[in-house]
Amino acid sequence: MLTNNKTYDDSNLRDHLKVFNDGVVDFYEASERVLKKLKAHFYYAVESISYETYLEASQNSKRDVIAIAIPAQGETIEHGDIAKIGDKFYQVDHVQYKDYNLPHYYKVFLYGSANKYVVETGE
């Protein structure tokens with residue numbers, strides 16, 4: 001826990017704004033291998049993961065593990081939702097609410113999915 005929020009140049013750590021400029025992510029509700037409903041569309045920032053999280057993922061045979069930050073607004077993202085970044089699909093493992101930066105954001109942990117998903121059309 002920080003006891004002093006001042007940096008070397010005497011500015012406050014909490015004064016720095018979080019920027020979401022690393023790309024665009026879409027979150028879907030999924031059933032089997034069909035993406036049912038687009039839940040949310042966000043700009044995201046890439047976050048770091050701990051070595052412990054990385055080792056745990058590799059022990060459980062989960063392929064890619066990444067963490068992204070999304071703004072804390074809009075639709076609720078839940079465990080089991082599917083995230084699409086570019087042409088890759090990821091499954092949401094867990095979500096952490098972070099309120100020590102402005103704006104407040106969610107840190108979303110994603111695991112790579114080997115499944116190919118199809119977007120359900122309304123026809």
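Phe 89 and Tyr 117: buried or exposed? Both are buried, where buried means under 20% relative accessible area, exposed over 50% and partly exposed in between, with a 1.4 Å probe and protein chains only.

A word on the source. This is a predicted model, so local features need pLDDT of at least 70, side-chain atom pairs count only at pLDDT 80 or more, and totals for chains, interfaces and linings use all residues. Residues are numbered from 1 along each chain as its sequence is written, and side-chain values use heavy atoms, with hydrogens and water left out.

Now the overall layout. There are one helix and seven strands. Both are DSSP runs numbered from the N terminus: helices are H or I with at least four residues, strands are E with at least two. Along the sequence the order is β-β-α-β-β-β-β-β. Of the 123 residues, 33% are buried.

Back to our two rings. The whole structure has three aromatic pairs. To pair, rings of Phe, Tyr and Trp (its six-membered ring) need centres within 6.5 Å; planes under 30 degrees apart are stacked, over 60 edge-to-face, the rest tilted. Phe 89 and Tyr 117 have centres 5.3 Å apart and planes at 55 degrees, so this pair is tilted. Phe 89 sits in β5 (residues 88–98) and Tyr 117 in the loop between β6 (105–112) and β7 (118–119), so the pair ties together parts 28 residues apart in sequence.

What does β5 pair with? Strands pair if DSSP finds at least two bridges between them. Four bridges join β4 (residues 82–85) to β5, antiparallel. Lys 84 has Phe 89 as its bridge partner in β5. The two strands make a hairpin with two residues between them, and Gly 86 in that turn has a positive phi of about 65 degrees. On to β6: eight bridges join β5 to β6, again antiparallel. Here Val 92 has Leu 110 as its partner.

Last, charges. How many salt bridges does the structure hold? Two, each a side-chain nitrogen of Lys or Arg within 4 Å of a carboxyl oxygen of Asp or Glu. Asp 81 meets Lys 39 at 2.8 Å, N to O. Asp 81 lies in the loop between β3 and β4 and Lys 39 in β2, so they tie together parts 42 residues apart in sequence. Both are buried. Lys 39 also bridges to Glu 78, at 4.0 Å between the closest N and O atoms. Glu 78 is partly exposed, at 47%. Shared partners join Lys 39, Glu 78 and Asp 81 into one network.
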